[in-house]
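Here is a model to read closely.

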Amino acid sequence: MSQQTGQLRLDFAGGAVGYRFRQGQGRGHPLVRAAGFKKDRIPGIVDATAGLGRDSFLLASVGAKVVMLERSAEVHALLADALARASAESPELADVVARMTLIHGDARERLPELRPDVVIIDPMHPPRRNTALVKQEMRLLSSIVGADEDADELMRVALASARERVVLKWPLRAPPLLESPKPSHQFTGKTVRYEVFLTATRTSE
Ligand SMILES: C[S@@+](CC[C@H](N)C(=O)[O-])C[C@H]1O[C@@H](n2cnc3c(N)ncnc32)[C@H](O)[C@@H]1O
């Protein structure tokens, strides 16, 4: 991720995202573990809140096919541009981008027809008391898309649409997005937690 003249500019080849890719560090990442990758089976994933595209890129870099949904036209255009640039950068990046499909639309409408194995949800997080800790790129994104006030509704649609599981990325210490259901388990990163909601029994009824 890099910044130009105060504008948001996405870059999968450079910054922390590119570094992690070049080091091949994706497999052990808590998001990848939460998404339920198995040695012999990689799930089909919809990233319902594509945003800056970093989570989708991580999941695609370890082999998953990822459909990225983004409802902001402005953010969708930034993502489309970043994916095209990454694809032209190197054959290795082009391989990853080939597994990523970007769609402009609201996930609450698209998920019921897509019915993927796994849905990833990462809504704009509630404001922090210490705003200095919020990264500049997230502030810029927030100035474009605002707060995702309808995240609870998205979560309910995701729970009804995912064949296997929903993974919610949420600040480590924030109260739960939904009072119920409770997550089956969770993985933690430095500042966020990945709550896993298994849906297989619910959706096969
Ligand atoms: C916090 S960002 C996601 C960051 C992303 N996980 C990443 O790795 O860069 C949230 C994004 O989800 C989008 N979003 C929120 N609700 C959505 C919905 N119902 N459908 C599609 N996009 C949504 C917002 O416009 C915003 O760009």
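The questions below go from the whole chain to single residues.

Q: What kind of model is this, and which features count?
A: It is a predicted model, in which local features need pLDDT of at least 70, side-chain atom pairs count only at pLDDT 80 or more, and totals for chains, interfaces and linings use all residues. Residues are numbered from 1 along each chain as its sequence is written, and side-chain values use heavy atoms, with hydrogens and water left out.

Q: What pLDDT does the chain average?
A: The average is 90, and 91% of the residues score at least 70. pLDDT is the predictor's confidence in each residue, from 0 to 100.

Q: Where does pLDDT stay under 50?
A: Over residues 1-5. The model has 13 contacts beyond four places in sequence for residues 1-5. Contact means heavy atoms within 4.5 Å.

Q: How many helices and strands does the chain have?
A: Nine helices and nine strands. These are DSSP runs, numbered from the N terminus: helices are H or I with at least four residues, and strands are E with at least two.

Q: What share of the chain counts as buried?
A: Of the 205 residues, 47% count as buried. Buried means under 20% relative accessible area, exposed means over 50%, and partly exposed lies in between (1.4 Å probe, protein chains only).

Q: What makes helix α3 "mostly covered"?
A: Helix α3 runs over residues 54-61, and six of its eight residues are buried. They are Asp55, Ser56, Phe57, Leu58, Leu59 and Ala60. Just after α3, Gly63 takes a positive phi of about 110°.

Q: Why is Asp55 called buried?
A: Asp55 has 12% relative accessibility, so it counts as buried. Asp55 is found in helix α3. Leaving aside neighbours within four places in sequence, Asp55 is in contact with Leu31, Asp47, Asp122 and Lys169.

Q: Why does Thr49 count as buried?
A: Its relative accessibility is 15%, and therefore Thr49 counts as buried. Thr49 is found in the loop between β3 (45-47) and α3. Beyond four places in sequence, its contacts include Leu69, Glu70 and Ile120. Asp122 is also in contact with Thr49.

Q: Why is Thr191 called partly exposed?
A: Thr191 has a relative accessible area of 46%, so it is partly exposed. Its place is in the loop between β8 (185-188) and β9 (192-198). Thr191 and Leu58 are 133 residues apart along the chain, and their C-alpha atoms are separated by 17 Å.

Q: Why is Ala13 called buried?
A: Ala13 has 18% relative accessibility, so it counts as buried. Ala13 lies in the loop between β2 (7-9) and α1 (15-23). Not counting residues up to four places away in sequence, Ala13 touches Gly18, Arg22, Glu89 and Leu93.

Q: What separates the C-alpha atoms of Ala13 and Ala82?
A: They are separated by 9.2 Å, while the two residues are 69 residues apart along the chain.
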